[in-house]
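Biologist: I have a model on the screen and would like to learn how to read it. Could we take the features one at a time?

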Amino acid sequence: APANKDEAERLLKAGASVHQERCAGCHAIDEKLVGPSYSEISKRYKNLSEVGFASTHPRNDLAKNDWDGYDDGPHLHLSKEEQRAGAVWILERTKEK
């Protein structure tokens, strides 16, 4: 979790950019697109680091054989900071779902 409000705001802004630039073509908050919705993802990965790790494609030990009905996504080569920002953004958007 972010250490303070400033870090949270920075990560949310960066996460929004990661979503828009790298993820929005396959994922939406509440609807299935090419990939599962962020709501589905956040239900399976409650831990921030797990969401960040699982978001980098292709299937890894956390996601292996766990997303029936979805093709493997591309490997996005996200930095650790991009993974973390994306995870914070996803969890913030889905925490009341």
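Modeller: Start with burial: a residue is buried under 20% relative accessible area, exposed over 50%, and partly exposed in between, using a 1.4 Å probe and protein chains only. This is a predicted model, in which local features need pLDDT of at least 70, side-chain atom pairs count only at pLDDT 80 or more, and totals for chains, interfaces and linings use all residues. Residues are numbered from 1 along each chain as its sequence is written, and side-chain values use heavy atoms, with hydrogens and water left out.

Biologist: Is E7 buried or exposed?

Modeller: E7 has a relative accessible area of 16%, so E7 is buried. Helices are DSSP runs of H or I with at least four residues, strands are runs of E with at least two, and both are numbered from the N terminus. E7 belongs to helix α1, residues 5-23. Contact means heavy atoms within 4.5 Å; setting aside neighbours within four places in sequence, E7 is in contact with P2 and R84.

Biologist: How many helices and strands does the chain have?

Modeller: The chain has 4 helices and 0 strands, in the order α-α-α-α along the sequence. Of its 97 residues, 38% are buried.

Biologist: How do I check the length of a helix such as α4?

Modeller: The expected span is 1.5 Å times one less than the number of residues. For the 15 residues of α4 that gives 21 Å, and the end C-alpha atoms are 21 Å apart, which agrees. The buried residues of α4 include A85, V88 and W89.

Biologist: What counts as an aromatic pair?

Modeller: Rings of Phe, Tyr and Trp (its six-membered ring) pair if their centres lie within 6.5 Å; planes under 30 degrees apart are stacked, over 60 edge-to-face, and the rest tilted. This rule gives 1 aromatic pair here. The ring centres of Y38 and W89 are 5.8 Å apart and the planes are at 85°, so the pair is edge-to-face. Because Y38 is in helix α2 (residues 38-44) and W89 in helix α4 (residues 80-94), the pair ties together parts 51 residues apart in sequence. Both Y38 and W89 are buried.

Biologist: Which residue lies over the face of Y70?

Modeller: A charge sits over a ring if NZ of Lys or CZ of Arg is within 6 Å of the ring centre and within 35 degrees of the ring normal. K32 meets this over Y70, at 5.0 Å from the ring centre. K32 lies in the loop between α1 and α2 and is exposed, with a relative accessible area of 54%.

Biologist: What about the phi of H77?

Modeller: Most residues other than glycine have a negative phi. H77 is not a glycine, yet has a positive phi of about 55°. H77 lies in the loop between α3 (48-54) and α4, and is exposed at a relative accessible area of 61%.
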